[in-house]
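Me: Please take a close look at one part of this model. Keep it brisk, and spell out the cut-offs as you go.

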Amino acid sequence: MSTVLTVWLPGADPAHLPGRMRRVLQKALEGLPCRLTDTEGLGRLERPGPVLFCLPLDQNGLNPAYYSLLGALRGGGCPLEGCVGGLVVDGEGELYTKAVARELVLAANQAGCAFVGRPLVEATGSLENFRVRAGLLGAGLEDAYRQEVRELAGRLLDFRPLCPARPPRLLVLHASNRSTSNTLALWQQVKEQLEGGCEIQEIGLRNGTLEDCAGCPYKTCLHFGEQGSCFYGGVMVRQVYPAVSAADGVLLLCPNYNDAVSANLTAFINRLTALFRTRRFYDKALFAIVVSGYSGSDLVARQLISALNMNKSFYLPPRFCMMETANDAGAALRLPGIGQRTQAFARNICRTLALEAAL
């Protein structure tokens, strides 16, 4: 049976879309097997598969139909098990498009939807964010926009599950103190359920081991990236680049520091740019464990989505992130139901890396 792309539109009526988005979608999806649906239609998909969320925003970054979808996703009224997604966000202004996109991706991902690497086509009011792409194509801004939507739709229709090496390799990155870290304690519980099924490599990025990116010129970054290196060298070049290149999945252990990814893990993401210059990470799955002392784990999860899935092209498996709240050392292991949640997270890693029999 041929694959069909489900296109979510507000109200499932193209006439409700702004003129620019309507023109772009009509041309970009021409000739492709598509079916239109609304929020209720997503909740009763007979055959899961690729889904393209198409979201117009007004000058203030708002869309009432979007909030109906968001509520359904968060409330369990729109399960998306077996779906793989991408999204087009078209704003009348210059702000809010990326913020809304990563909010939607997290909600859909928690509802069971996977996302291909670089799943977002984002159009700001001026389309200035397509200036470089248009120059490379020798095309106008709207033409570049349309071509990116067409390319994304094609990748969704052609998507196939990951096919990792045997045994698959999982890279785990952290910058925490093992004696006090709730994040590492949860990882240890997950790890115990994975051992024997995959090769696990852990790398600690503690203070003093990793310099942040200082923003080398593009040609300098490209030059070192072509050699699998970086101007600043260090543990990033010696250990992290080879480990990322060899991994089938990357798991980040992220305590919530001031509602943000910690400095050393942010430096890892920034320094990954040199390697990204010469290759994409569509075939590598992203996982995370986020622990907040008070609240805000979703903010950190959205940062990871934006930086590593939308930007650096990592594949986002369903429910990629385990999010917990624990303050005192050891408190995470005493949370009600934590054993079931760590087991479910480990099982999700196994499914993604084709290790169903490991649990």
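Reply: Axes here are lines fitted to C-alpha atoms, for helices over the stretch in contact, with angles from 0 to 180 degrees between N-to-C directions. The model is predicted, so local features need pLDDT of at least 70 and side-chain atom pairs pLDDT 80 or more, while totals for chains, interfaces and linings use all residues. Residues are numbered from 1 along each chain as its sequence is written, and side-chain values use heavy atoms, without hydrogens or water.

Take helix 1 (residues 19-28) and helix 6 (residues 141-158). Helices are DSSP runs (H or I, at least four residues; strands are E, at least two), numbered from the N terminus. The two axes come within 9 Å and cross at roughly 50°. The crossing is right-handed (the near helix is turned clockwise from the far one by less than a right angle).

Which residues of helix 1 and helix 6 make the contact? Helix 1 supplies Arg20, Met21, Arg23, Val24, Leu25, Lys27 and Ala28. Helix 6 supplies Glu142, Tyr145, Arg146, Val149 and Arg150. Contact means heavy atoms within 4.5 Å. By class, the contact holds 6 nonpolar residues, no polar ones and 6 charged (Asp, Glu, Lys and Arg are charged; Ala, Val, Leu, Ile, Met, Phe, Trp, Tyr, Cys and Pro are nonpolar; the others, Gly among them, are polar).
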